[in-house]
Structures are given as structure tokens and as C-alpha cells.
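Thanks for asking me to look this one over. My notes are below, as numbered points you can check against the coordinates.

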Amino acid sequence: MAVLRRGLLTLALAMLLVSGGLTPALGSGPDPAVAGVLDPEAAEDRFPVVRAGSGSGAPAQQVDGDEEIGATQAFALAPERPGEVTVTLDYSVPERVVSLNTTVPEGATLVETESFERDEGRRYAWTGDDNTASITYRHEVNETIQTGGPEAADGRYVYAGVGDWALFARPSMPTNWTYRGSEPLGFERRTRTVGNGTAGEWLVYLGEYEEYGREANGQRFQLIVPAAADLATDREAVLDSLARASDDFRVGDRDDEVFVVAAPTGRVGWGVRGAQTGDADMWVRDVQRLDTADNVWLHEYVHTRQRFRSTSETVWLNEGTATYYGALLSLEQGLIGFEAFADMLADGEHATYEEVVLSNSSTWVGHANYERGALIAGRLDLAIRRATGGERSLQDAVRQSNTRNDRLTQSALLATLGETGGDRATDAGRRYTERTATATMWNASTHSAAFGEVPARIDYSLPDPTHFNSFGVDGPYRVGSVGGSEPIRLVPGESLTVRARVNNSGGAAGDYAVPLTVDGTVVERAYGTVEAGESTTAQLNHTFDDPGRYEVGVDEDAVTVVVEQPATAAVTGLRVDRTTIRQGGRITATATVANDADRPGRATVNFTRGSEVVERRTVQLPSGTTGEVQAEIALPEAGTVSVGAENAGSTEIRVEPVHEGVNGSDGTPAATPDAETTAADPSATTTPGESTDGSGAGFGAVALAAAVALALLGRRL
């Protein structure tokens, strides 16, 4: 929103920002052509010509000459006075200067002067005592604005200072002088900051910052990111978009320097979302994104390329074309889809604007110059493209308007449209700007036919981490889904599977390369193609080896992942498969292990026999689960022994001694050379419902069958 240019603010603010050109004018003085004087230099000495000159706080310019007046504005923060900065004007005055005066801004609080004295009101005159002179004053930088419009924000400030930083338009420094001699006397303005800070042509930022640059198409983009700012969009993406727009928006000469500040929003209620001043200085709130039809970054950049001087009949073009091209360039860069582009322009169809005549600002209501103006700019663009078979567009008309030396009147606008797109474009201009004719947004097929195919518009996003199956996990503890809350919790050695959504809202199929980032570093990419209007899922994986807190993301979307050491699972129970056994036998002990933590856990279970650890088992469990682990424990000594597992208690086992003729290892009969048969030991017992290997009824039946067989054999012999 170019709220600070071309008469769109209050008159006082406009006067503050007006850029005065350097036009030294010849003043009156003694005529050097004195009769009888033949030597011009001698005449100059005898009858010095006193000429007048003037300079302002305009861009650094100078008139060719042997000498020049140097004027430097130095700006410093005043932390003890939020909303104010300290300004020092330093002048270097050549010998030929006869007089010089300057005027400080309204409301300035004088601090000190050197070789200046108050002349009248806010005007100070050089005393002539020295070739250097200075004035130091305190300057109020807080400025507010009353505005509506789509570019309005929640607050009121258009410039502000908060103590440790300030963003403001530098005050003008009107300077007038008289000098001797026939050679022009130049004037050069310079700007410097005391301490941290930087400045463009008009815009000044004081405070800590980082600077990023990009050169493209003969322009150098200087992006200033204050330490207090938190960019919602990647700084490289901002520079990429501005650089591409400088090529795509071909409406005439480009400024050598474009000075852009990302305005911090944490402590200031800005009245607008962005502002442009001077030729190519602009600020945009740090929260503004690129992927929107209402692209403030491109909106303000378009303002820097507008050179035409509008009248009350054509002033709608300032915001109308900035809003339209902000959206169209976003579409052509693939930052938005056609639907978003069409929805924004369709705001101009609102019934509120039925009685609006754009060339008559007295009929404007609401945001007519923005919303209705953007739609009409689009309709004029469409008319020119159709009339010329796509060979020309509204950019050609804007470029021609930018070259005018006089103001762009309504008749001049219509003539320019006619020269660009013929009678069809002229008729459209007259119909849409001089009447209340209904204008509607065109559809996608019409757009493709006139503007060319809408490019693929691919964006990436993460699934909702509060859904349990949003992400996958694979590792030694678990394989499956993970999620249900944020942050997502993992343990070292686990691999997170990210199922990124790839959406193409553009008009053509496009290739994608989804970047998976961990703390801003790309760790993997997934490649593929997605058709126009379609979506797909790309799967990416990353294994976390070390504990820590990580931001995992794709594009602008991110989720927090916390990697912690595994939880310690608890042994909550113990059971055995028998409580009585013969000496030398084995029992099976089963320990129950529970993990109630919010992350996977593990436990090392020590199985004990008496006070001795005889078996050790490790178990790994997902969060909120219970498991079991078993161990076989040998019991070589008769008697009663305790079998335990960690802190789950113990169980008493009765181990009966081995009797003669019984193998102690498994309870089977021992070999007896002097006997043909061995009866079952009547003392062998088992706990009801349990069994012991090689004992009980099974053993007795085998012995009995063997005895019967021998008896029968003896009878037959």
C-alpha cells in the first residue's frame, strides 16, 4: 500500500515526504557587464555576481561544478526517549558561499548549534564563522495514519520508534544559499547512522539488523531484517520473488537500488501491512507471507515501478494496478493458484461498488480503488490481450504512461489504452472507468486462453500430529504409527517417517522435490510429479541418533520432535510354572514388565536364585504397553529356595532331593545292573496341575508294560 506517496496520505504527511529536486536558480545581483571592463575575471572581482541556490532532503544529487555544499544527516537512537531519535545536520560550506540557511522539522527540539543561529521560526542561518556548521535536534518519529482498505492493519502506526529500534522516514532538510561566481555550486546530501542502523533514499532503520542482498535485472535488492523481526517467510524466498518480479514486470526503467525493511510486529501496532516511499524504499511487516493473492511484498514493489503522475481521474490506478499485479505476479510465480487469484479479484464485484465510477473519486465507497480498481485493471489487461492476440498487455500501457512528462489525465489514459490495444481497449477503458458498468471476474479457461497456461502451483504440508497415525516410526522398540500429540516423542535409534502432503493447485502438472528439514537443514528429498488439481503423499524418513529437541518440517510447515533416552520400564509381577521340583531340575520363571512412560522404554530383568543372579534378560517396550520375559532357572540343590525378578518379589520353590535309582537331572530311572526292573519312586510328587519331566503315571505305565513283556517271553521259552 503506497500510503506515503502520491497524495494518498494527509497533506501534512505528503509534504513531509515530497522529494524536492535540485534546481539551482539564477537570482538577481549586480550586472557584471560594466562598460569599460574588458577582463571578465577582473569584472568578477570588482563586481561579484551573487547567485541563489537551493537543495532539499531529496536523493543524493549534485550539480556539476568545481565545488559543492556537503550536507550530512546523522541519525542516532535515543533509548531513553522512545519515539524520538537524535538528528545532526553537518554542513561543509565552500568559500564562495555568501549565505546559507536551513529549516528543521516542525516539532523538533533543539539540542545545540555550531556556526548556526536562529533566523526566524524553525529556520537557522549560517553565521559564516567557519566552513563547517552543524545543528543537532531531537526528532519525533512516531507517525500514525487513519486508513481502511485491504492493506490496513490492526494498529495506527506508519513509522515508529520503541527505544532500541526505530523505523521512520528521514526528515527533509530544505537548504537555501547564495554564492559568488559563474560556475554552478553543487549540493550533495549524505546519510549516516550512529551505531547500528542503515538507510535507503528516504527510509531509515536504527537498531541491530542483518542485511541480505540480491542483484537481478540491473537492480540490487537490499533486505534489512531487524533483530527484533521474526520473518514469516524465508528471506531467500522474498528475494527470489522480488528478483523474478523485476524481470516479469516490464514497465520501464528500474531503480538501481531497492531498499526493503521487514518491520518488526512484536511491539508496534502498525496501521498498514506495508508502505512505500521515495522512489524505491519500502517496508513490509515481518508477518506477511508470499503465498497469498494479497502479496504485500509484491504490492509494494509494484509501487516502486510506478512513475506516472496521476490526476484525481486516474488516481485509482496507483492502488488498482499494485493490487492487481501483486496477485497476478504471485500467480505467475506459482505462489498461489488460480482460485485464490480469482477470489481476490472477484472482491471488486461486490454490490457495494455498483454506483462507483472510478474516474470520479467522490463516488468511491469502501475500498473501491483497491478492490474495484484491481478488477478493472484486470479487465483492461484482458481486453488488450484479446485485442492483440496476446502480443500486448496492460504492462505496455503502464510503461507508456511512466514515460509521460505531464500528468496522466483521463483522456491521456484512454488514448494510451487505444495506442496499446486499439478501439476495443479504449471502449473497455471508457466503459469500466467512466460508468457504473458491471465488471465480473473471468474463469480459468478464459485466463489460459488469454494469459497462457497457469503454471503448476505446488505446495507441501505436514499431517496433523495430533492424529495418532499421522507419522510412522521404525526401530528396535516399535514399528508402526506414532503421534497423537505434539511434540512427537522418539528415542535414539528410531526413524521417523513423515508422510508429507503434496498439493498442486495450479493449471499444469508439475514436478515436486519435497525437502525434509531438521532444524532448517535439508536431510532428505522426495521427488515425483503431481497432476493439476491433484494431491499425493510423499514419504520421507530420518533417523535420530542423539537426544534433543528438533524442528522437523517441509516447506513452511513444521512439527516438534523430542528425542529422549528410553524410559525405564518396571517389573511388576513374577510367576513360575511349578513350585515343587526334584533336585537338578529346571523351572520357567516369567516376569511381567510395564512401560507407563510417554516414550519407548526398556528394562533389564535380573532373575535370582536366592541372592545370586542366575539369568539376565533385556526387554524393550513401546509407551503404554506391558510385556513378559522368561528365563529357565536350574535348581541343583535340595531344599527350599527363593526365585525372584528385580523388585517384583520372590517365590519359594521346594526342591526335593534325588533318591537312589533316580537321575537327579530329570527324574528318570537310573541304570541298575543287578535288577531287571525299576519301579517308580513312590515318593515322586507334583503339584496338582503341574508335571515333572519323566515322572508320575507315565513312568509307571512304561515299567509295567516292560515287566509284562518279560513275563510272557519267559513263559514262551
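In what follows, buried means under 20% relative accessible area, exposed means over 50%, and partly exposed is in between (1.4 Å probe, protein chains only). Please keep in mind that this is a predicted model, where local features need pLDDT of at least 70, side-chain atom pairs count only at pLDDT 80 or more, and totals for chains, interfaces and linings use all residues. Residues are numbered from 1 along each chain as its sequence is written, and side-chain values use heavy atoms, with hydrogens and water left out.

1. An aromatic pair to look at. Both F249 and Y325 are buried. Their rings form a tilted aromatic pair, at 4.8 Å centre to centre and with 55 degrees between the planes. For the rule: rings of Phe, Tyr and Trp (its six-membered ring) pair if their centres lie within 6.5 Å, and planes under 30 degrees apart count as stacked, over 60 as edge-to-face and the rest as tilted. F249 sits in the loop between helix 3 (235–248) and strand 18 (257–263) and Y325 in helix 5 (residues 316–332), so the pair ties together parts that are 76 residues apart in sequence. Helices (H or I, at least four residues) and strands (E, at least two) are DSSP runs, numbered from the N terminus.

2. R214 forms one of them with E236, and their closest N and O atoms are 2.6 Å apart. Because R214 lies in strand 16 (residues 209–216) and E236 in helix 3, this pair ties together parts that are 22 residues apart in sequence. Both ends are partly exposed: R214 has a relative accessible area of 21%, and E236 has 35%.

3. A salt bridge between two loops. R307 forms a salt bridge with D255, the closest N and O atoms being 2.5 Å apart. This pair links distant parts of the chain, 52 residues apart: R307 is in the loop between helix 4 (296–304) and helix 5, while D255 is in the loop between helix 3 and strand 18.

4. D119 pairs with R123, with 3.0 Å between the closest N and O atoms. D119 is partly exposed at 41% relative accessible area, and R123 is partly exposed at 29%. Elsewhere, R489, E564, D598 and R599 are linked in a network of salt bridges.

5. A negative surface patch. E112, E114, E117, D129 and D130 gather in a patch of negative charge on the surface. Such patches are made of residues with over 30% relative accessible area and no salt bridge, with like charges joined within 9 Å. D129 lies in the loop between strand 7 (123–126) and strand 8 (132–140), and D129 is exposed, with a relative accessible area of 64%.

6. Backbone details worth a glance. The peptide bond from E486 to P487 is cis, with omega near 10 degrees, and P487 lies in the loop between strand 23 (479–482) and strand 24 (488–490). S115, a residue other than glycine, has a positive phi near 60 degrees. Its place is in the loop between strand 5 (109–114) and strand 6 (116–120), and S115 is buried at 18% relative accessible area. N217 also has a positive phi, near 55 degrees. N217 is found in the loop between strand 16 and strand 17 (219–226) and counts as partly exposed at 35%.

7. A contact across the sequence. A166 is found in strand 11 (residues 166–169) and is buried, at 1% relative accessibility. The C-alpha atoms of A166 and G207 are separated by 6.8 Å, with the two residues 41 residues apart along the chain.

Definitions and conventions. Patch = residues over 30% accessible without salt bridge, like charges linked within 9 Å, V, L, I, M, F, W, Y side chains within 5 Å. Areas by Shrake-Rupley, 256 points an atom, 1.4 Å probe, with all protein chains shown as cover. Salt bridge = Lys/Arg side-chain N within 4 Å of Asp/Glu carboxyl O. Lys, Arg positive; Asp, Glu negative; His and termini not counted. Charge placed at Lys NZ, Arg CZ, Asp CG, Glu CD.
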